Structures are given as C-alpha cells and as structure tokens.
Amino acid sequence: MMFQEQNGYVWIQITALFCLFDWSAAQISYSISEEVNKGTVVGNLAKDLNLNVQELEPRDLRIVSEYSKKYFDVNLRTGNLFVNERIDRDELCPNMIKCSLEIQAALSNPIHVNRIEVNILDINDNSPAFIEQSCVLNISESLSPGERYLLPIAVDTDTGSNSVKSYKLSPNEHFSLDVQSGGDHSVSADLVLQKSLDREIQPIINLILTAVDGGKPPRSGTLQIIVNVMDVNDNPPTFSKPLYKVRVIENAAAGTVVIKLNATDLDEGMNSKIVYSLIKRGNNDPSDIFAMNKETGEITVKGSLDYENTPAYEVRVQAMDQAQLPRSAHAKLLIEVIDINDNAPKISVTSLMTPVKEDAELGTIVALVRVSDADGGKNGLTSCKLMGQVPFKLTLNYKNDYSLVVDGPLDRESVSEYNVTIIATDEGSPSLSSTSVISVNIADVNDNPPRFSEPVINAYVKENSPIGTVIYTVNAFDHDSEGNAILFFTLQESYPRNVPISSVVNINSASGEIVSLQSFNYEEVKTFTFYVMATDSGVPPLSSNVTVNVFILDENDNSPGILVPYSEHGSVNSENIPYSAEAGYFVAKIRAVDADSGYNALLSYHITEPKGNNLFRIGTSSGEIRTKRRMSDNDLKTHPLVVLVSDNGEPSMSATVSIDVVVVENTGDIQTPYRHIPTKDDNFSDLNLYLLIAIASVSVIFLLSLISLIAVKCHRTDDNFSRYGAPMITTHPDGSWSYSKSTQQYDVCFSSDTLKSDVVVFPAPYPPVDAELISINSEDTFNRTQTLPCNKEKVRYAATGGNQA
C-alpha cells in the first residue's frame, strides 16, 4: 500500500519540474538565505558584468524589478549587490520548492540590460504545527493487529529539508507508527495496531505524536492522541482501490460530477451501511471546492477551480459504516485540473528614457517590456509585437523579456509624442491578447534655424522723421520649442563709406523693432541696405539673415528757387516793352527749380499783385509773362509785378520775385542785355564761332566725365549711403546738354534763334519711372515729359525762350 501511494506522487513531481524549467535561463544567478540583514552582500555585479567600478556611476547602473518592494540595490562605489529589504521566503513563495527573485541591472551610455536571478534559500525558522489540538480515535477491542488509522499531519511553512520529514510516537505497547514519505508532497503517518486491545484493562490510551522537520537543528511539534477502546464491529468498509485519479476542466460549472466512489462492507445491517465523507487535513479543506454525497459517494464541483492557483488536488476520502462502533476505510483521490486559456497575457513596462531626444540613434533603448501569462502549456506561450507604423521596434532579450528601441528617424517638429501600442498574444485556442499603450515623448534638439517671413524686407520712412522712429518690425519664427525657439535679433555690421550701420539704425534684440538713430534727408540719401541676423538660444545656436532695404520718402521741405537773371538777392528786376506791343507780347520768363521730387517739385506760376488794369498774364506752367491786350493812354508807364512760384507739396512752399515792367515809346530804347537778335548772314558769324567753341567744350567735358564715371564705378564699393555720385553730361544735336548726378539730374537747353538765351535746369525725382522725352519745335520750345510715381500721371513742363518773330 505504501508503494502505491508513492507512485501517486510521480505525476505531480513531473509537473513541478516542468514549471521550474522556464526559470533556468537567467544570465546571472545568485543565492542568498532568507531573513538576512539589510546590507548583506549578494555578489559583485561589477565583476560579474566585466565592468570597472569607475564605470558604474557614469553609466548610471540601476536595479529594476517589478516587485512592490525594492529587495536589492547596488553600491556604485564597490559594485556589490546588497539586500535592501527584509526577505521572507515563506511570504514570497508559500509552498514552493524553489523560490527566486528576478531583477534586471540596467546600464546607460550605452543602455544595456542584464537579467539577474536571485535564489532565496530557506532557513529553518518555523516549527511544525498541527491544526488540531487533539485527535480522538475510537478503536474496537475486537480488531486484530495490523489495523491502520490515518493520523493528522503537521504543517510547516518551511520547505525542502526544513519541512516535516518524520513523525515519532510516544512509547506504548499497543501501537506503532508507519511514516509514509510523499516525495515532493508532505510526509504522513498511519497509526498501526500492533497488539489487540482490552477495554477492561485499559479503556483509554493517551499517545503523543511528534512531527520533526529536517532542519539543523531540527524543530518539532506535538499532537495528543486519545484512543477510546470500543467493542463490536469487526469488518471495516473497503474501497475498490486505494488510489483514484481523475481529471476535471478548470471552468467546470458547480455541480459537475468529478467521480463516484464505491466502498463495500462484509457486515450486515447497520454495520454494513456506509457513509462517505471528505477528510480535512491540515489547513486544506477539500469541502470548500468539492461536495460529496455521503450516501452515494458521488463527488461534485462545489467551488471555483483555477489551474493557475492549484493545478491538482489531493483529497482523502473516508467510508464509515453505521455500526454502534463504526469502522472506516480511507482512499486517496488525485484530481488534476485541466488548464483552459482563461488568462490573457500581462504586459509590464519599465521606462528607461523619457523623453527621447529627436536625434536619438537607432537601437536606443526606450523601455523594457515583460510579458507573462498565468496559463500553462501552450496557453502560457506568448508573442509580442507593436501595432501601427511607429519609429520603434521590439527586440527580444530573453524569454518574454523585450526592449523597446528606436527604429527610425524622430522629428519633434512633425510628431512630438507617440502612443506606442504593444499587443501580446498567447498560443491558446482560442488565443487571448492584451494591449498596453506607452506614451513616448520626443525631446527637442536645436535642428531648425530661424526663418524670416519674407526673404527681402522693403521698409519705408519719411525724410526728416524724428530720431527713434520705428522703421520696421522684423518677424521671424523657429520650428523648435522652448529655449531653442527663443530668438534675438542683431544687426550685421557693414561700413559703407566708413559709416557703421549701428550709427544709422538700431534694433530691439527681443521685439525686432528697427528704429532710426538719425533723421534722413531724401535729397542726400534715397535708399540704403543692411542685414538683420536672427539667432536662436539653442546649443549650439543657429541663425539666418535677411536683407532690409530702406527707402526714404520725400517730404516737401524745399522751397522753389528762382533762376537767373532774377535770382540775385536785392537786385532790381525790370523789363521794357514798347507802347505798340500787341496782345500776347512776350515780356519775360521766370524760371525756378525745386530740390524735392514728384509733386513736391511740380511748380506753378502766378501774378499775386497785378497792377495796370490786368495788363499782363503769366503761363501757369511755363512762367512766361505776356501782355493780355494792347496798351492804352490810360495805362501806367511802369507796372510792378510780384510773381509767386509755388510747388504742389502738402503743405505747399513758395517763393516770390518782383519785376518792374516799363513801357517805352520807341523800340530802340529797349535793351536786351542777355542776348541780341541775330541777323541773317551768309558769312561765318561770331555767334557761330561761339556755338562751335561751346559744342567742342561740351564734348570734351562729356568725354572727361564719362571716363571719370567709369573709373569711379570700377574702384568704389557699393555705397548705398553715398551722397554724391560722379556727374555725367550728355550733349544733344540741337545744342542742348544734360547734367546728371546720382541724386539729381539737370537738363540744360541752349537756343540760338531767339533774342534771349535760355538755360533751363530740371531736377529729376528719384527713382525715375519713365524715360524722358525731349523735343524742340519750330518755336524753340523745350518740352520735357516726366511720369510721377505718386499717381502715375504725366506732367509736362514747358519752357519757351525768345520773343515772337
């Protein structure tokens, strides 16, 4: 019978070996006893990992585990792995043969993970104890020697050699003890009747059962056995076999029949009527899980079966007759729970790098992932993968241990956070799966230079604007974040004509406002260019430049200037006309120029103080003073005229000139101090000689000016601040010439067939829009057409010289 009971433990031992097989793959293995003091050294990690002790702090060696307590830690100065928390093996691994803690040693720079298995060795710190305080046995005196009685077992929370190994019975003459070893299971003992009992001699026998463990020194516990000697019933019930084996699925519903036992008794009547029951042994009460019909011997499922908690049950069954002095028989029932795939894989994640820099190299470890499944067999085999398109992947470290690593380029400006979904699937049928989402934040690096909103900035400022005027506000942006996107602006120093740009304008480094440091004069400077650099605050900083063109806008700040012969200050201007002058007779021509441009330089002429019955009129645009009618005897002999020359600016500016027109009786009294009327002569006259000399002189000046201009252009640097450029003189076939500079242009016209020589100078506005059209008609009229940029209309200036023929 003992041999058969020992064979019953074989399949349980094989199952336990398979369960322990998966834990043998640890890379580094240590062993330590439970209940050791804090600080006890487990082993030297630096030596076992082939690392120098000096590398431990720079590489940030850390101990990572999934347990609620941090049982172990590492001394970075010595590399020793030491105990950090009290370890109670009986609490961690109750009723388990092997107890081990799995931890991981993580290194940075580069990141590397090592798996460590620490085996917790049991010490004999618990004594065997019986659940029952005493055991009462009713034994008939008619029983023959050899009768066996099942005794309670002692419970010892220690395992292995420190668990209960034997039982001892106090000395007596009637009973002996048969100790049965269960292999991996607990040791049990049967009380064996060695000598027939005599109730009349000794009705009650008191025995002491002692349970002894295998520790050194051994510990023990005792149980009092009270034997009541009974009489009569001499045939016990008998089971069909001493050991029953059955299998039941773990999701079996309540009421499912597990097995139906059968026991017989050779007696008759009440002595043969059998009652079945389940026996509670130690702290294991099978009636919590199973129910037994005491009359039929049928065992059914009562509670919830869970393969992951208890893969097998060992149940002791008793069959007792109903005699006055009942006799009983016992059988062992092994119930194997068949696993079903009712547990989805469990995913645990330990983050190592948060956030991840966007320039992280391929293979950088972001997190450690571990997958576990409480099911057994194929139901507990798992696979793990990532869902969706993400720049990460899972690499297998050990069985069910993975690393989440970078597998593609990261760009925070495109995606600043990834929700990485991990799915783990077991191999059950049907398979179960679970998911876990890891949020991976991407840290910014300074990989984007500042960008301006436009490649070239055109700014406009009015001349004579006060110092400190905001010319323009520069805007730039940076795709980076936080400190890498904080911008400051600076001026790029340039020295045109030895004038630093910082003395002309200034820029607010934070807001980008460009302010003037001086007041500009359009007549001297029309435009200038400089560069603004935007720099971020990253490490290293990145920058970019933008070109800023500043255009000076003209203001009406120059009054018209009267040209000769009426421009001498304090001179008396007078003109003589004959009494016989007809209507429209040419009296004089007022010429004026304005240094401004556009409408600010467009001049108009008016007589402000006409006397003599409105005898004279003036051309509004030409400035020619002519008679409106013939003279009469009532007219004055002297006519003082005040001519007002006004520009078209806002507000308008003006100048005045006074002319006294004197009426003479004879035409011979009229003198023309400026130019005489030429007489037709077929011979070569003095005037022709003068014209020839003038043309030659102008040609020479033109050539010299052209050569000088070319030389200056070839040697000077680009100077937008230059106030004066090389002059250029151009001659025309009709005897006129043009004089131009970088800031002003003047057109001069000579005429040889009029009484008076006219020199007309026109300043051209900047910048020119349309080409000038110059023409000379039969009346020696000089026309100049200029398109003004303010309203794109053409304004014609006309100047006519000489009297009517």
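**Exercise 1. Find the residue that forms a salt bridge with Arg 626, and decide whether the two are buried or exposed.**

Solution. Start from the side chain of Arg 626: the salt-bridge partner is Glu 624, with the closest N and O atoms 3.2 Å apart. A salt bridge here is a side-chain nitrogen of Lys or Arg within 4 Å of a carboxyl oxygen of Asp or Glu. Buried means under 20% relative accessible area, exposed over 50%, and partly exposed in between (1.4 Å probe, protein chains only).

Before going on, a word about the model. It is predicted, so local features need pLDDT of at least 70 and side-chain atom pairs count only at pLDDT 80 or more, while totals for chains, interfaces and linings use all residues. Residues are numbered from 1 along each chain as its sequence is written, and side-chain values use heavy atoms, with hydrogens and water left out.

**Exercise 2. Work out which parts of the chain the salt bridge between Arg 148 and Asp 178 ties together.**

Solution. First, check the contact: the side chains of Arg 148 and Asp 178 meet at 2.2 Å, N to O. Then place each residue: Arg 148 lies in strand E10 (residues 148–150) and Asp 178 in strand E13 (residues 175–180), so the pair ties together parts that are 30 residues apart in sequence. Strands (E, at least two residues) and helices (H or I, at least four) are DSSP runs, numbered from the N terminus. Finally, compare accessibility: Arg 148 is partly exposed at 31%, whereas Asp 178 is buried at 16%.

**Exercise 3. Describe the salt bridge between Arg 412 and Asp 444.**

Solution. Begin with the distance, which is 3.1 Å, N to O. This pair links distant parts of the chain, 32 residues apart. Arg 412 sits in the loop between strand E31 (401–406) and strand E32 (417–426), and Asp 444 in the loop between strand E33 (433–443) and strand E34 (451–452). Arg 412 counts as buried because its relative accessibility is 15%; Asp 444 also counts as buried, at 17%.

Salt bridges can also share partners: Glu 66, Glu 102, Arg 115, Arg 370 and Asp 401 are joined into one network in this way. A search of the whole structure finds 23 salt bridges.

**Exercise 4. Find where Asn 50 and Asn 464 lie, and state the phi of each.**

Solution. Asn 50 has a positive phi of about 60°. Its place is in the loop between helix H3 (45–48) and strand E3 (62–64), and at 70% relative accessibility Asn 50 counts as exposed. For Asn 464, phi is positive too, near 70°. Asn 464 lies in the loop between strand E35 (456–462) and strand E36 (470–473) and is partly exposed, at 42%.
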